[in-house]
Amino acid sequence: GLMSELGNKRSKFTKYVAKLINYMIAQGYEPRLGRDGLPHMKNSLHYEGLAVDIDLIKDGKYLDKTSDHEEFGMYWESLDKDCCWGGRFNDGNHYSIRYLGRK
């Protein structure tokens, strides 16, 4: 049923986020998970546990441009056909997995 599909997606998402964070660290960045509890748009995948915002810091500087995430967005999308990077809609620090037609 739907719950098992959601559960499976959440497990896959968690595994991929761990890989992404380790990849960021290996490239010399200091990633920080977004403070969830911030408001997201209606039907956001954040509410399903299938999206995360990751803030990037390098050399003590917060990198806030979508382009700062491009390397990581490409890496994220290479992990699975369902992985979507928010940089494609000008939300560079957003990483999610498609679910029920949403991304």
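Colleague: How many positive and negative side chains does the chain have, and how far apart do the centres of the two sets lie?
Modeller: There are 16 positive and 15 negative side chains, with the two centres 4 Å apart. Lys and Arg count as positive, Asp and Glu as negative, while His and the chain ends are not counted. Each charge is placed at NZ of Lys, CZ of Arg, CG of Asp or CD of Glu.

Colleague: Okay, and what kind of model is this?
Modeller: This is a predicted model, where local features need pLDDT of at least 70, side-chain atom pairs count only at pLDDT 80 or more, and totals for chains, interfaces and linings use all residues. Residues are numbered from 1 along each chain as its sequence is written, and side-chain values use heavy atoms, leaving out hydrogens and water.

Colleague: Switching topic: where is Lys9 found?
Modeller: Lys9 sits in helix α1, residues 2–26.

Colleague: Is Lys9 buried or exposed, and why?
Modeller: Lys9 counts as buried because its relative accessibility is 11%. Buried means under 20% relative accessible area, exposed over 50%, and partly exposed in between, using a 1.4 Å probe and protein chains only.

Colleague: What is Lys9 in contact with, beyond neighbours within four places in sequence?
Modeller: Leu50, Asp82, Ile97, Arg98 and Tyr99; contact means heavy atoms within 4.5 Å.

Colleague: And how much of the chain counts as buried?
Modeller: 39% of the 103 residues.

Methods
Helices (H or I, at least four residues) and strands (E, at least two) are DSSP runs, numbered from the N terminus.
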